[in-house]
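Colleague: Could you take me through the aromatic contacts in this one?
Modeller: Gladly, let me bring it up.

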Amino acid sequence: MTINDAHCHFFSSRFLELLTQGMPDLPAEGRADAVAQRLQWTPPRTAEELADRWTEALDRHGVSRAALISSIPGDEDSVAAAVARHPSRFVGFFMINPTGADADQRLTRAFGEQRLRCACLFPAMHRYRLDDERVGKVFEAAAAHGGAVFVHCGVLTVGVRAKLGLRSVFDLRSGDPLAVASLAAAYPSVPVVIPHFGAGFFREALMATAQCPNVHLDTSSSNSWMKYYPGLTLEAVFRQALDIAGAERLLFGTDSSFFPRGWQAGVFEAQRAALGGAGVSETDRALILAGNFDRLFPQP
Ligand SMILES: [Zn+2]
């Protein structure tokens, strides 16, 4: 059985530095190590060292390839370094704020020389509307480079921000799968990924897949959004998603991020059990766990 993980966060040293920029009580020197210590994480050290730690974790669990997301605007270099070191194992994704002054250059560089393959939008976090024309530029860049776009919708909690006591002023209204559908329809050549089955906007995410053949759903995380749907089980989620989106448009993911926790085998086991319970065929399971990812992000 081949497994590819479509959703992992690359929490590099640079990520920790950028995330804690506004925190005065941290040293300028060795800042990433100090933050890691506060979080009780393994210090990420260099991007290359972290990339090696990731491949060891993937090897241990029999995972072939993984998407690594640079998880704060400005940290694209770290994921680019990881991809350059292990091009057959990693696919580089990058968070971008399309309203940032340098968004155009960042897009060109990320999809170009940095060889990253998917732009990740977090409209609730960066507080912009998906119908903002600057969002269209992200899709245009993706279309020009054969890249994909990931759009986080629904509930958004960022564990590391909470643990560090960082204030998060998110506008959940901005992450609506129906707004994603409108963009996906305008850029039909761009594969679009909505993570966590829409993270609470399950119905809307399914509607988006029904409307647009280029919209995909990732299955990542514990999917705790199910608590907003009394009685809903992961098995039922898979069954309904398969019914509407089909096996070709579901991408397995875990949402793994920091060490020492590493790759989240528990999330995989829960999803494997749900796939079994939903009676998903071998063929469909292979597509969800690996085949779709390889189709969208072929080996370089
Ligand atoms: Zn995530």
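Modeller: Ring pairs link Phe197, Phe202, Trp225, Tyr229 and Phe238 into a cluster, where rings of Phe, Tyr and Trp (its six-membered ring) pair if their centres lie within 6.5 Å, and planes under 30 degrees apart count as stacked, over 60 as edge-to-face and the rest as tilted. This is a predicted model, in which local features need pLDDT of at least 70 and side-chain atom pairs count only at pLDDT 80 or more, while totals for chains, interfaces and linings use all residues. Residues are numbered from 1 along each chain as its sequence is written, and side-chain values use heavy atoms, with hydrogens and water left out.

Colleague: How many aromatic pairs does that rule give?
Modeller: The count comes to 18 aromatic pairs. In one of them, the ring centres of Trp54 and Phe259 are 5.3 Å apart and the planes stand at 80 degrees, so the pair is edge-to-face.

Colleague: And are Trp54 and Phe259 buried or exposed?
Modeller: Both Trp54 and Phe259 are buried, meaning under 20% relative accessible area, with a 1.4 Å probe and protein chains only.

Colleague: What about Phe122 and Phe150, how is that pair classed?
Modeller: Their ring centres are 5.8 Å apart and their planes are at 35 degrees, so the pair is tilted. Phe122 and Phe150 are likewise buried.

Colleague: Switching to charges, which ring does Lys163 lie over?
Modeller: Lys163 lies over the face of Phe258, at 4.5 Å from the ring centre; the criterion is NZ of Lys or CZ of Arg within 6 Å of the ring centre and within 35 degrees of the ring normal. Arg53 lies over the face of Phe259, at 6.0 Å from the ring centre.

Notes: Buried < 20%, exposed > 50% of the residue type's maximum accessible area, 1.4 Å probe, protein only.
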